[in-house]
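Good morning, and thank you for coming. I would like to present one structure, with attention to a helix packing and some backbone details.

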Amino acid sequence: MGRIALINNKGGVGKTTTATHLADGFVRKGRNALLVDLDAQASASLSLGCEREDLEPSIATCLYEEISAEKVIRRPPGSDVDLITGSSRLQNADVRLAGELGRERILQEVLKEVDSQYDHVILDCPPSLSLIPINAIVASDWLIVPVEPHYLALEGVGSMLDTVESIKKKIGDSARLLGIVVTRADFRAKATKQAIEMLRREHGDTIFDTVVRGNVRVSEASSYGTTVFNHSPNSTGAEAYHKLTKEVLNRLNQ
């Protein structure tokens, strides 16, 4: 049970892909799951078959206009996951919400309305630690950090986690790190294995056992507006995300 935010202040680490596949994976395990797309680029929404011109009403509607989350939930064409779309209106969230009292907890209040309907709420965050990701951290019970196994990417993980802890202490938040997941691993590169070993030495048991390799079927699935579970269910990408879903559920003691 609970809300899980996928965060990383770097882009291109497989965060949205992991968010959509975890949400879909939960549904395939018989759970009720809601995916909330918090990115102005709306990549999660588009990758599940939503059209760009049809993204509104979105999570921005709830944040800016105090519209109930229940009224903007939809079922995207490419999955059985319930979805609240992202939209370009999120681009100016820092400005729009700056003067709001308790602005770091607006998303938390929005999601309270639908908590009872879902076993899991997955929050796909933009690649930053601006006000929207801060709202997601505050609103969540658990955090998952996707990271690519490259030295430059790994160097930023520790500092980002330190920043997240500072945010949590300042606001009085209790979200816990569920784990760090290695994504887009290319074992043809010699440095990949070394980078993963370094990550495990640095962060220990917080690293998920499942390593998601770079997989063309996963990329194809997004371009077709669905998940790899539908597009290529027997692929190594589908197998990896099935394993990760199971591992996440085990960490949640479910």
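I will begin with the model itself, then turn to the helix pair and the backbone.

This is a predicted model, in which local features need pLDDT of at least 70, side-chain atom pairs count only at pLDDT 80 or more, and totals for chains, interfaces and linings use all residues. Residues are numbered from 1 along each chain as its sequence is written, and side-chain values use heavy atoms, with hydrogens and water left out.

Helices (H or I, at least four residues) and strands (E, at least two) are DSSP runs, numbered from the N terminus. Helix 7, residues 151–171, packs on helix 8, residues 190–203, at an angle of about 15°, and their axes are 10 Å apart. Axes are lines fitted to C-alpha atoms, for helices over the stretch in contact, and angles run from 0 to 180 degrees between N-to-C directions. Helix 7 is therefore roughly parallel to helix 8, a term for angles under 35 degrees. Contact, meaning heavy atoms within 4.5 Å, involves Y151, L154, V157, G158 and L161 of helix 7 and A191, Q194, A195, M198, L199 and H203 of helix 8.

Now the backbone. Most residues other than glycine have a negative phi, and most peptide bonds are trans. The bond from E56 to P57, however, is cis, with omega near 0°; P57 is found in the loop between helix 2 (43–47) and helix 3 (59–65).

Phi is positive, near 55°, at A42 and also near 55° at E66. A42 is buried, at 0% relative accessible area, whereas E66 is exposed, at 72%. Buried means under 20% and exposed over 50%, with a 1.4 Å probe and protein chains only.

Methods
Angles under 35 degrees count as roughly parallel, over 145 as roughly antiparallel, 65 to 115 as roughly perpendicular and the rest as oblique.
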